[in-house]
Amino acid sequence: MSGFIILHVYGDSFMLSITKANLRKFIVARFARIYPLHFFSLMLLVVLVIAFSPAGTYPNLMETPASIPTSIFLLHSYYIHKIYTWNIPSWSISAEWAAYMIFPLLALFINKKKAIAVIALILFVVAAYLSIMFLLPRKNPLYPAIPVPHNLNTTYDYGYLRGIAGFIIGMLIYQAYQLPSLKNVFQKDVSACILLILLIAALHFAINDALCVALFAAVVLAFACNSSYLHKACNNRVAQYIGDISYSIYMMQIFLQEPFSKGLRLPGTIGFGRGKQNIDFSSGLMYCSIYLLLLIGISSITYYTIEQPCRKYINRKWG
């Protein structure tokens with residue numbers, strides 16, 4: 001989705017050439033969009049982990065002082081460390097920034113030589129995904145003896161390659177979005193419903209990652225093209241607000257998960273560790289609802305106090 005949106009917003013800026021002015025405006029705007037909240041969430045997490053970790057639980061493999069600089073400089077998707085570190089979801093921000101750095105060249109390539117660019121980018125995506133699944137030396141960071149399945153689940157280990165490939169798919173989907181014949185097919189609610197059902201089924205039955213990526217791309221195209229009830233639902237005030245704070249939701253989720261890595265237990269749970277606790281359905285649904293409400297509340301605060309003010313200030317001063 002990121003590649004789709006960035007090309008939609010900034011594609012015309014690099015229609016003819018890459019100039020100092022348009023490059024500066026693009027880089028400053030993207031930095032202002034992603035970095036302030038990334039830096040804030042990282043520093044807050046470091047302080048809280050050091051201050052409140054029970055004795056003997058810090059430092060550990062995922063929370064070491066040596067891995068702080070790589071997160072600060074957005075290098076934590078380049079396999080510098082042998083495990084995911086600190087604000088784990090932020091690996092994709094590192095990958096996102098890598099995609100931003102090559103976007104002006106990609107946009108200029110598409111604008112100048114569209115047919116050749118589309119073919120070249122498709123070949124790159126295929127090569128990148130095949131490399132991730134079958135060529136890169138991937139290991140299970142906690143249990144190295146267990147072989148890693150042939151999937152696309154790279155994060156700290158070459159996650160930037162996965163991110164760039166996904167970003168380019170978004171740019172390619174934007175080219176399809178501009179074709180009237182495809183718009184006629186994908187603008188109907190039934191198209192989106194069928195694709196969503198297929199996607200859910202593919203995830204449920206653990207179909208190959210490459211097919212899931214293709215279905216996600218088709219869903220993005222269906223949502224972008226839709227002009228019926230789905231379009232109205234997405235323009236709903238609540239949905240729009242969740243969209244506004246979605247980056248904060250993504251970056252702040254770790255703060256409601258971290259306590260469970262430090263030994264917090266909820267009544268009625270069986271098992272231990274992140275993602276390994278089981279609970280009956282009704283209690284789980286209640287905890288999940290509370291979690292989502294708390295996360296939306298926290299994200300609203302960071303959106304209005306960190307994300308939005310910093311973005312406006314940086315763009316006003318340097319953009």
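Asp157 is buried, with a relative accessibility of 3%. In this predicted model, Asp157 forms a salt bridge with Arg138, and the closest N and O atoms are 3.7 Å apart. Both residues lie in the loop between helix 5 and helix 6, so the pair ties together parts that are 19 residues apart in sequence. Arg138 also counts as buried, at 13% relative accessibility.

The structure holds 3 salt bridges. One of them joins the side chains of Glu307 and Arg33, with an N to O distance of 2.6 Å. This pair links distant parts of the chain, since Glu307 belongs to helix 14 (residues 281-318) and Arg33 to helix 2 (residues 20-52), 274 residues apart. Glu307 is buried, with a relative accessible area of 1%, whereas Arg33 is partly exposed at 23%. Glu307 also forms a salt bridge with Arg311, where the closest N and O atoms are 3.8 Å apart. Glu307 and Arg311 lie 4 residues apart in helix 14, about one turn of the helix, and both are buried. Through shared partners, salt bridges join Arg33, Glu307 and Arg311 into one network.

Helix 5 (residues 114-135) includes Ile122. The helix has 22 residues and reaches 30 Å from its first C-alpha to its last, close to the expected 32 Å. Its buried residues are Ala117, Leu121, Val125, Ala128, Tyr129, Ser131, Ile132 and Met133; the buried residues of helix 5 pack against helix 4 (91-112), helix 6 (159-177) and helix 9 (209-225). Ile122, by contrast, is partly exposed, with a relative accessible area of 42%. Together with Val126, Leu130, Phe134 and Leu135, Ile122 makes a nonpolar surface patch of about 490 Å².

Key:
Residues numbered from 1 in each chain as written. Predicted model: local features only at pLDDT ≥ 70, side-chain atom pairs only at ≥ 80, totals over all residues. Heavy atoms only, no water. Patch = residues over 30% accessible without salt bridge, like charges linked within 9 Å, V, L, I, M, F, W, Y side chains within 5 Å. Areas by Shrake-Rupley, 256 points an atom, 1.4 Å probe, with all protein chains shown as cover. Salt bridge = Lys/Arg side-chain N within 4 Å of Asp/Glu carboxyl O. Helix = DSSP H or I, 4+ residues; strand = E, 2+ residues; numbered from the N terminus. Buried < 20%, exposed > 50% of the residue type's maximum accessible area, 1.4 Å probe, protein only. Expected span 1.5 Å × (residues − 1). Contact = heavy atoms within 4.5 Å.
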